[in-house]
Amino acid sequence: MPKNRLNINGLTLFRGERCLFRDLNFDVSDGEILLIKGKNGSGKTSLLRALSGLLEPDQGQILWNDIDIKKDRQEYHQNLSWLSHKHGFKKELSVKENLEYELSLRSNAIHDFDYILNKLSLDKIKNRPFGILSAGQKRRASLARMIISNATLYLLDEPGSNLDSEGQEIVRSMVIDHTKNNGICVMATHQDTFEKITTNVIELA
Amino acid sequence: MNKYLSIWVGFTSTVKRDCLISKKNLSQFLNPLLLFILVSASLPFAVNLNESDLSAIGPGIIWIIAILSFLLTLSNLYMHDQDDGCLDYMLLSPQPLPILTFAKTFAHWILSGLPIVLICPLVAIFYQMEFDVSLILALTLSIGTFALSLVGSIGASLTLSTKNNSILLSLLVLPVTIPILIFGAKTVVLYQNGHTSLSGFYFIGAYCMFALSFSPFVSAAALRIGSE
Amino acid sequence: MMKFIHKLASPPHFYSISSVLIPWLAITGLILILFGVVNGLFIAPPDYQQGDAYRIIYVHVPAAYISMMTYTLMAVSSVIALIWRIKLANAITVSAAPLGAWFTFLALITGSIWGKPMWGTWWEWGDPRLTSELLMLFLYFGYMALRASISDEKKADQLSSILILVGAINVPVIHYSVEWWSSLHQTSTLLKIDGPSIATSMLIPLLSMIFGTTLYFLSLLLIRTKSEVIMRQKSSRWVKELLKGAQNA
């Protein structure tokens with residue numbers, strides 16, 4: 001099986017007049033976990049958004065398996081799953097209905113996801129409206145979405161925020177499981193709890 | 001087998017989801033409709049006109065009130081998605097973004113435009129309009145509100161990153177709807193006076209087709225730029 | 001040629017070239033306008049149908065023509081800014097908007113003043129040309145309002161450029177509306193295949209006004225764009241040196 005690889009070449013990003021990072025070069029491939037470290041406001045989220053294609057960098061290239069992500073967005077997004085502090089679920093619909101909508105948009109998603117909800121202790125509340133869930137439950141639902149999407153590349157923005165130590169352990173074990181199955185994880189966080197499991201680190205000033 | 005899910009599946013599941021949300025949030029769905037009914041029903045009492053004058057101004061008035069109540073829901077088209085983070089997921093979806101924007105626009109028309117179209121023969125009674133005239137009115141409104149959804153989607157996506165965007169949205173969308181308003185109302189008035197020409201329909205239909213050809217793509221581009 | 005265009009697109013070069021051009025454009029434009037006004041008001045003969053009332057044509061037509069030309073200019077520079085990412089094009093679009101809005105307003109007002117004696121009404125809602133010209137005024141307002149309410153400059157430029165392009169269909173509609181629908185307006189007098197159908201003695205001041213106003217408009221546009229360019233590039237070296245040089249002078 002050929003390895004998947006994410007290449008970043010010469011990435012430069014400005015916010016207004018301020019330069020967040022200049023000429024950034026790195027790659028990540030199967031089984032690796034990349035940690036983007038930095039204080040608040042250092043550009044971690046911007047770098048992650050640039051990697052996902054949401055933000056266009058001022059200079060530089062992002063290549064997924066040697067193809068520019070701008071050239072084949074569909075292919076890149078098919079292999080990508082995103083997690084940020086805005087959960088991206090509809091509060092009127094139940095967890096199950098939200099997840100079913102997500103998997104209806106992807107061809108490679110996992111259809112029978114009850115065992116995933118079980119593992120994340122969401123099975124009892126899967127039919128409740130999303131709006132009444134606690135912060136920890138909402139985050140676990142986002143994690144469920146990531147696993148269900150069956151994507152190769154996980155991009156996580158502050159995955160441990162608003163979580164107790166049990167919640168953070170769930171994130172850690174999900175990330176480790178994913179990379180054991182040859183997935184790639186890129187995490188942006190200012191917390192130290194994830195450093196032990198990472199393979200590469202980038203620090204933004 | 002196709003590598004990606006067909007765009008038809010993406011379209012229908014997005015429309016279904018938006019309708020499902022509305023079903024669970026009925027007040028948001030009913031409010032503009034009630035506004036339309038109340039305002040258009042109370043206007044004949046406010047003006048002191050005889051029967052024939054009332055039925056002459058009826059088409060234009062109902063058209064304008066329909067447009068205004070429609071505009072109420074337009075600013076929410078993408079705003080809720082931006083607030084809860086769903087917009088990012090739309091932008092990152094393997095489905096082409098124009099399909100998703102068109103699906104949301106179509107769902108908006110089903111939820112805001114279609115009820116107005118269905119209820120307008122009832123409202124037309126207040127204006128002493130004949131039943132067949134009110135049917136023509138409903139027909140012009142059906143195409144007109146669809147065109148309005150399409151144009152409104154462009155306006156909503158452009159004004160997403162501004163504050164006070166519902167006022168700005170009205171400023172952008174209302175002038176562009178003046179041609180549809182003129183032709184839509186004129187068609188009904190001409191029918192009332194005995195002409196059965198279809199030229200007004202041709203214009204509204206052409207406007208609608210023209211808007212359809214670029215609205216999903218322009219909305220998608222504006223959403224991408226606005227989310228950077 | 002490409003080298004010249006690239007040079008022109010660079011802000012400091014644009015600044016120096018336009019500084020040279022502005023006085024020439026303004027003075028020539030004003031001379032042509034003066035000639036047109038004097039000729040049009042006093043020397044050209046009265047119209048056999050309208051008498052002296054037709055003379056407002058010497059303000060109305062140039063204003064209307066420039067209102068449409070400005071929108072087209074904005075549409076072209078929007079395309080250049082969005083596709084080729086030339087930043088100067090954004091400055092041009094922004095600077096042209098208020099000018100275009102004023103000329104549209106002038107065209108509508110002078111048209112309305114002319115309409116009262118000619119057609120007996122200040123305004124006619126069903127008329128396609130009047131409605132589409134008014135729509136263009138709203139498009140200008142919408143552009144300026146949208147730009148003003150988006151705080152990030154890059155986003156503001158791009159989103160309002162999209163608005164201009166969406167409304168660009170209106171310009172051919174204004175122009176061809178007199179042919180496609182029945183309108184109070186007459187059909188084209190100047191842009192006809194067998195030559196203009198207006199008397200030469202009336203044509204000369206009209207052309208003089210059109211050219212003069214265009215040159216004057218261009219000088220105004222360049223003045224506005226110059227200040228817009230300085231505002232946008234205020235932290236760059238060439239602007240700092242320019243301002244320092246102006247301070248020392």
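## Pairing of strands

Two strands are said to pair if DSSP finds at least two bridges between them. In this predicted model, four bridges join β6(A) to β7(A), a strand that covers residues 153–157 of chain A, and the two run parallel. One of the bridges links A:Leu83 to its partner in β7(A), which is A:Leu156.

## The parallel sheet of chain A

The strands β6(A) and β7(A) belong to an open sheet of five strands in chain A, whose order is β6-β7-β8-β3-β9 and whose pairing is parallel. At the edges stand β6 (80–83) and β9 (200–203) of chain A, and because each of them has a single partner strand, one side of each is left without a neighbour in the sheet. If direction is ignored, neighbouring strands of this sheet are turned by 15° against each other on average. Helix α1 of chain A, which spans residues 44–52, packs on this sheet and touches β3 (33–37), β6, β7 and β8 (184–188) of chain A, while its direction makes about 150° with that of β8(A).

Further along the order, β3(A) and β8(A) pair in the parallel sense over four bridges, and here A:Ile36 has A:Ala188 of β8(A) as its bridge partner. The strand β3(A) is also joined to β9(A) by four bridges, again with the two strands running parallel, and in this pairing the partner of A:Leu35 is A:Val201 of β9(A).

## The antiparallel sheet of chain A

Chain A also holds an open sheet formed by four strands in the order β2-β1-β4-β5, and in this sheet the pairing is antiparallel. Its edge strands are β2 (18–29) and β5 (67–68) of chain A, each of which pairs on one side only. Strand β1(A), made of residues 5–15, is joined to β2(A) by eight bridges, and the two strands run antiparallel; within β2(A), the bridge partner of A:Arg5 is A:Ser29.

Helix α1(A) packs on this sheet as well, where it touches β1, β2 and β4 (59–64) of chain A, and its direction makes about 130° with that of β1(A). In general, the strands of a sheet pair through backbone hydrogen bonds, either parallel or antiparallel.

Along the principal axes, the C-alpha atoms of chain B fill a box of roughly 60 × 35 × 30 Å.

The contact between the two chains takes 24 residues from chain B and 24 residues from chain A. On the side of chain B that touches chain A, the elements that give two or more residues are α1 (7–24) and α5 (86–91) of chain B, and α1(B) gives the most, with seven residues. By class, the residues of this side of chain B divide into 11 nonpolar, seven polar and six charged.

## A helix pair in chain C

In chain C, the axes of helix α2 (residues 11–43) and helix α8 (residues 200–232) come within 7 Å and cross at roughly 150°. Since angles over 145 degrees count as roughly antiparallel, this crossing makes α2(C) roughly antiparallel to α8(C). The crossing of these two helices of chain C is left-handed, and the contact of α2(C) with α8(C) has 21 nonpolar, 11 polar and one charged residues.

Notes: Residues are numbered from 1 along each chain as its sequence is written. Chains are lettered from A and ligands numbered from 1 in the order in which they are written. This is a predicted model: local features need pLDDT of at least 70, side-chain atom pairs count only at pLDDT 80 or more; totals for chains, interfaces and linings use all residues. Axes are lines fitted to C-alpha atoms, for helices over the stretch in contact, and angles run from 0 to 180 degrees between N-to-C directions. Angles under 35 degrees count as roughly parallel, over 145 as roughly antiparallel, 65 to 115 as roughly perpendicular and the rest as oblique. A crossing is left-handed if the near helix is turned anticlockwise from the far one by less than a right angle, and right-handed if clockwise. Ala, Val, Leu, Ile, Met, Phe, Trp, Tyr, Cys and Pro count as nonpolar, Asp, Glu, Lys and Arg as charged, and the others, Gly among them, as polar. Two residues are in contact if their C-beta atoms, placed from the backbone, lie within 7 Å.
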